[in-house]
Amino acid sequence: TKLMSAVICIENYDLSEKVQASKAADSQPPMHVDIKEGDSFSVEELLNIMLVESSNKAAYALSEIMGSKEFVLAMNDKAAELGLENSFFADPTGLSQNNISTAKDLVLLAEYIITNHPLIAQITTKKTYSLPNLGEISNTNKMLQELPNVALTKTGFTNYANGCLLMAVGPAAGGEYTINVVLGADDRFLEMQKIINSQAQ
């Protein structure tokens, strides 16, 4: 969900625009280090916070620039445009059990991001990110410490969806990427490692 939120942001917003976190944004479930009501960040800074640490507060704050309802409509319009036939977005954070997608659709979304929005891909692979008025946050994908050639990644977890993980690796000699998706896992990192190990054999 947050990957699609990032696409809507980067295609509709000025990355330098300043955004002040609202009470509604601050009410979203927090991460270990997170923004709070009254904090002011640029769109690009909020994109980093949302994608590196998977901040729900940052995702919601970004949606409020357009208006949260309009933002979610834009997410679903984009899904239709990209041919994501089995995806539906109910919020910008991914917390609702009404957010749905499939491995096939997530591969299509990843391909679109790698091809059209390298900034999003680059942000997702940062191991850490620091801001003076926030502190240092760490990427929710601990596998970045072990794999050198990750081009795009995003974690996901809710009680409804269980552990989810997307990782695009490459490019290979022919310029192609391998996009791996794990959904509904008890241990998303273990399952992803199994896939990557099998590809290396």
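How much space lies in the largest pocket? In this predicted model, the volume of the largest pocket comes to about 790 Å³. A total of 34 residues line the pocket, and those closest to its centre are Gly-94, Thr-155, Gly-156, Phe-157 and Cys-164. When the lining is sorted by class, 18 of its residues are nonpolar, 13 are polar and three are charged. The elements that each give two or more residues to this lining are the helix α1 together with the strands β5 (150-158), β6 (162-169) and β7 (178-185). Among the contributors, β5 gives the most, with five residues.

Helix α1, which has a part in the pocket lining, also packs against other helices, and a reader may follow it from one partner to the next. With helix α4, which spans residues 56-66, helix α1 (residues 2-12) packs at an angle of about 40 degrees, and the axes of the two helices lie 11 Å apart. The crossing of α1 and α4 is left-handed. On the α1 side the contact involves Lys-2, Ile-8, Cys-9 and Asn-12, and these meet Asn-56, Ala-59, Leu-62 and Met-66 on the α4 side. Taken by class, the residues of the contact of α1 with α4 are five nonpolar, two polar and one charged.

The next partner to consider is helix α6, formed by residues 103-116, whose axis comes within 11 Å of the axis of α1 and crosses it at roughly 35 degrees. Here, too, the crossing is left-handed, as α1 passes α6. From α1, the residues that make the contact are Leu-3, Met-4, Val-7 and Glu-11, while α6 brings Leu-109, Tyr-112 and Ile-113. The contact of α1 with α6 is made up of six nonpolar residues and one charged residue, with no polar residue among them.

Strand β3 (residues 128-131) and strand β4 (residues 135-138) run antiparallel, and four bridges join them. Within this pair, Tyr-129 stands opposite Ile-137, the latter belonging to β4. The two strands, β3 and β4, form a hairpin, and three residues lie between them.

To return to the opening topic, helix α1 links these parts of the description, for α1 is one of the elements that give two or more residues to the lining of the largest pocket, while α1 also packs with α4 at an angle of about 40 degrees and crosses α6 at roughly 35 degrees.

Key
Residues are numbered from 1 along each chain as its sequence is written. This is a predicted model: local features need pLDDT of at least 70, side-chain atom pairs count only at pLDDT 80 or more; totals for chains, interfaces and linings use all residues. Side-chain values use heavy atoms; hydrogens and water are left out. Axes are lines fitted to C-alpha atoms, for helices over the stretch in contact, and angles run from 0 to 180 degrees between N-to-C directions. A crossing is left-handed if the near helix is turned anticlockwise from the far one by less than a right angle, and right-handed if clockwise. Contact means heavy atoms within 4.5 Å. Ala, Val, Leu, Ile, Met, Phe, Trp, Tyr, Cys and Pro count as nonpolar, Asp, Glu, Lys and Arg as charged, and the others, Gly among them, as polar. On a 1 Å grid over the protein atoms alone, a cavity is a set of points where a 1.4 Å probe fits but cannot get out, and a pocket is an open set with protein on both sides within 12 Å along at least five of seven lines; lining residues have an atom within 4 Å of a point. Grid points are joined across faces, edges and corners, and a volume is the space filled by probe spheres set on the points. Two strands pair if DSSP finds at least two bridges between them.
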